[in-house]
Every structure is written in C-alpha cells, then in structure tokens.
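Reader: I would like to go through the labels used for this structure and hear what each one rests on. Please set each value against its cut-off.

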Amino acid sequence: MEFRTKVDIDSPDFKIQPRERMLFVGSCFADNLGKRFTDEGFPAVVNPYGVMYNPASILHTVQRFVKELDASAKPFIPSTAFFTLGTNHVYIEKATGEIVDNCRKRPQKLFHEELLSINDCYCYLREADGALHSVNPEIHVVVTVSPIRYRKYGYHESQLSKSILLLAADKLVKNLDAYYFPAYEIVNDELRDYRFYKDDMLHPSDQAVEYIWERFSETCFSARAMEYLQEWKPVKEALGHRPFHPESDEYKAFMTKTQERIKEIEEKYGRQK
C-alpha cells in the first residue's frame, strides 16, 4: 500500500561526472544545492554575487560571471549550470528604469514593483543560457523552480508567481537543450507534510534537501560519479570531524591520513581546477 505519491523524474540526456565543475545561480534554494555539491568535493561556484530570485537577476549574474571569465587568467568554466527560479516579481529603480538585483536597504519609494510575464522570464533565461554556451558550447543547463513560498506576497499570489516560473521553465526546456528537475513538485507533491519544513514552515528542512539530493543524484549522476560519492563519504566525514585536542599527535596523524586519501581520490577521479 502506498501512502504518498512519488514524483516521476525524466532522465536527462547527459550524466554528471565526478568532480565536474558546477555553477549555481538563483534563489536561496540554489545555495542549498550548491553547498551540497561543494561538501561532496565538487568544484562549484554558488551565487557569486549574492542570491538572485528572479530570471532577470539570474541573467545579470550570468552576464557578469561570463565577463569576469573573459578577464581571468585561469577562468572557471562550468560544465553544468543550475538556474533556480524563485519569483517573477522584480523591483525597478525609478531613477534609471532598470531592474535591480538588490535594493540594498534603500527606501522603498525609490523603486516600483512589476511582474514578469511568462515570455519575459523565458527570454531572460534564454539569454542567460546563450551566454553560458558562448564560453562552453557543451554546457548542460538545469532549471528548477524553488519550492519556497513567499509569505510577503500572500500564498495565492506566491502560487501564481510559481506558475509563471513553471511555464517559463517548460518553454525553456522545449525550445532549448535544457533539463528541468522537479524540485518544486517533489517538495509540494511528494513531501507534502510540515515535518519536511524548517520552523518557519516555508523553507525545506535539511531532511527534505537531502531527499532532493538523493533523487537528483540517482537520476543525473553517472555510475562513476555514484562510485565517487561512496569513496568520498568517509573523507567528508573526516573533514567534518571537530576534535577535542586539535594539537594532539593522534589528530595530526588522522588528518595526514585524510589528506593522503584525498590525493588518492584526486588521482583517480581528477583534481579540482
């Protein structure tokens, strides 16, 4: 007997490899996913200019990121990029008529709020996708919609906003070589219980994020990447260990052994560059 509806996830036409370079741009949910990748030893850039909630701000981050790549002697060229969409609400500075990514606590009277349409969202995401493909024609773009609701808009308005984003993401997938991962559906349809939320009843709990990670890795990781995760697990646990006596000979020997194991894994799966 089944007591929950499990979300079916389409398999992508690519597989993430061990220690692949990753870029995460978007809402705080992108921070959650990005942190998990860095914890697992993947070289990842996560919201390099801060959290970006709407598609226009995601484009601004990608454009700035690509521009700095061009100026860098050792550019970080990602193989996979995540766009995590939070809202279609944007704030426009009255003096310039431009969408701002962060109001920086300036008075509200300096801005007015607008809603992006489905096509607006799609066009911003399409441009961001194109900018990344200009630096890596083989890059894989994964688009997700954050499951975090926006209480300040009201729950009905928040749901309408998510609907716009879902339709824009669907249009991106259908028109470009992008992959949609249903994090929004997993939380709202499969984990529809408040025990999977933090105390604010809005943000997914650590357990929910862990489950999303499991669903994503089993769907999108190569067999070799799954093998890598198993070998990395004891190293991650060792790196997270907090000793009572960090100056002791025992702990120093423990860390020396851990560093040796990291070098072995780097030789087998490739170093972070």
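**Charges, rings and a cavity**

Author: The model is predicted. In it, the charged end of arginine 21 sits over the ring of phenylalanine 76, 5.0 Å from the ring centre.

Reader: What makes arginine 149 count as lying over the face of tyrosine 155?

Author: Arginine 149 is 5.0 Å from the ring centre of tyrosine 155. The rule asks for CZ of Arg within 6 Å of the ring centre and within 35 degrees of the ring normal.

Reader: Why is the pair of phenylalanine 37 and phenylalanine 42 called edge-to-face?

Author: Here the angle between the planes is 80 degrees, with 5.2 Å centre to centre. The angle is over 60, therefore the pair is edge-to-face. Phenylalanine 42 is buried, as is phenylalanine 37.

Reader: How many aromatic pairs are there by this rule?

Author: The count is 20. One aromatic cluster includes Phe24, Phe37 and Phe42, together with Phe181, Trp213 and Phe216 among others.

Reader: What lines the largest cavity, and how do you know which class its lining belongs to?

Author: The lining consists of Leu33, Phe37, Phe181, Ile212, Trp213 and Phe216. Helix H1 (28-39) and helix H6 (206-220) are the elements that give two or more residues to it, and H6 gives the most, with three. Leu, Ile, Phe and Trp count as nonpolar, so the lining has six nonpolar, no polar and no charged residues.

Reader: How many cavities of 30 Å³ or more does the search find?

Author: It finds one, and the volume of the largest cavity is about 30 Å³.

Reader: Where is confidence lowest, and where is it highest?

Author: Helix H8 (residues 249-269) is lowest, at a mean of 88, and helix H3 (residues 118-135) is highest, at 98. The protein averages a pLDDT of 92, with 98% of the residues scoring at least 70.

Note on methods: Residues numbered from 1 in each chain as written. Predicted model: local features only at pLDDT ≥ 70, side-chain atom pairs only at ≥ 80, totals over all residues. Heavy atoms only, no water. 1 Å grid on protein atoms, 1.4 Å probe; cavity = no way out; pocket = protein on both sides within 12 Å on 5 of 7 lines; lining within 4 Å. Points joined across faces, edges and corners; volume = space filled by probe spheres on them. Helix = DSSP H or I, 4+ residues; strand = E, 2+ residues; numbered from the N terminus. Phe/Tyr/Trp six-rings, centres within 6.5 Å; stacked < 30°, edge-to-face > 60°. Buried < 20%, exposed > 50% of the residue type's maximum accessible area, 1.4 Å probe, protein only. pLDDT = per-residue confidence, 0-100.
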